[in-house]
Amino acid sequence: MKIEVSKRLLLLMGFMMMFSGTLLSMEQGSQGNSITYRPSSAYDPRFFVESNLEFTLLHELSHAVIELNDIPVLGGNERAADQIAIMLMIMTSHGFDETLFDKMLSISGEWMIEWREDIKRHPLAFWDVHPLAIQRFYDVTCLVYGAAPDKLEKIRKETWLPIERAWECDKEYTKNRQALLWLADNYSYVSFDRNWQLFQKEQHPPADEVVKIQFIPTSNVAYEPIIDWLMSSQRLKYLIDRTNQILKLPEPVTIYFETQCSGPDAWWNPAINGIVICYSLIEQFQNNAQKLQPLVKRLSNESELPFLFLFPEKYSGLLAQDRETIRREFIQLMDDILVGD
Ligand SMILES: [Zn+2]
């Protein structure tokens, strides 16, 4: 017996409504497990810029790892590089502390700000090899949420992740974590133990610095403070040192901070084994840092969001409870209906 899609949807909705009453009351009882997050550092301009620079560097380094090791990729290089960068940030942090959330809000906030600019100024580049900025916003949010959905329900609502995507974020996170373990086992000096804690499995050769930074001089005086700031950034220095301790690369890679750019951008250039980061991209991060807090405030108050879909509150309880039980019961229910007479 066949059943068409619209009927399946109706059945699903009915099923969800059946459960929502009990689950909502259970959710209230489990509020002690949820994490309440109040952005503290994400609104700090320096923290915002450094978080986005960290993500950008890890994204471009992921391109280098994939290309130099000739690693097969399904689903596209750009999404793979985004996923590796975000997973590295999640899994090398020390638990779900505010620093991690602040970093993720800075990064997803940058995507949201860029998206709002994109829809104002340009025809949207649907043809582009990168996902749209708004898709990258949801991808970041989904992976962080998927790492601990039962604890992060409150944050899911605050970052506007619709339930249709949120439903499977735990699976997305688990798959990404498996891929990261495989990458670590094959192309790094570290791995993850049974509790997913990072440990050093081999000693990194002391003098072997595979990733180096070069600052290309510029006559544009506007960029001088940016160069001074980059050169003195302890977080950038830590990131590069850590990358050298972790990453095995068959050839050295140089990160060039430079001016020869047609716009604020960063890219991996395989012809020179180089990662190019434009000073103008850092300048864009600095400008967007000022926009994050007003944006969060505005989106929190807007009743109608043309490009964000808010799911009715009453279904959100589904996410905070035992999803495997719900899934199994749903599959059983569907089987009974489909197999029945
Ligand atoms: Zn890329």
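Predicted model: local features only at pLDDT ≥ 70, side-chain atom pairs only at ≥ 80, totals over all residues.
The chain has 341 residues, of which 27% count as buried, and its secondary structure comes to twelve helices and six strands. Among contacts in the chain with a separation of 6 or more, 69% are between residues 24 or more positions apart.

Strand E6, which spans residues 274–278, is mostly covered, with four of its five residues buried. Two strands pair with E6, as the table sets out: E4 in the parallel sense and E5 in the antiparallel sense.

| Strand paired with E6 | Residues | Sense | Bridges |
|---|---|---|---|
| E4 | 253–258 | parallel | five |
| E5 | 266–269 | antiparallel | four |

The largest nonpolar core holds 58 residues, and the members that touch the most others are Val-140, Leu-143, Tyr-145 and Ile-275. Helix H3, covering residues 77–91, supplies nine residues, the largest share of this core. When residues up to four places away in sequence are left out, Leu-143 touches Ile-86, Met-87 and Ile-90, together with Glu-172, Tyr-173 and Asn-176.

Terms used:
Residues numbered from 1 in each chain as written. Buried ≥ 20, exposed ≤ 12 C-beta atoms within 10 Å, placed from the backbone. Pairing = 2+ DSSP bridges. Contact = placed C-beta atoms within 7 Å. Core = buried A, V, L, I, M, F, W, Y, C linked by C-beta atoms within 7 Å.
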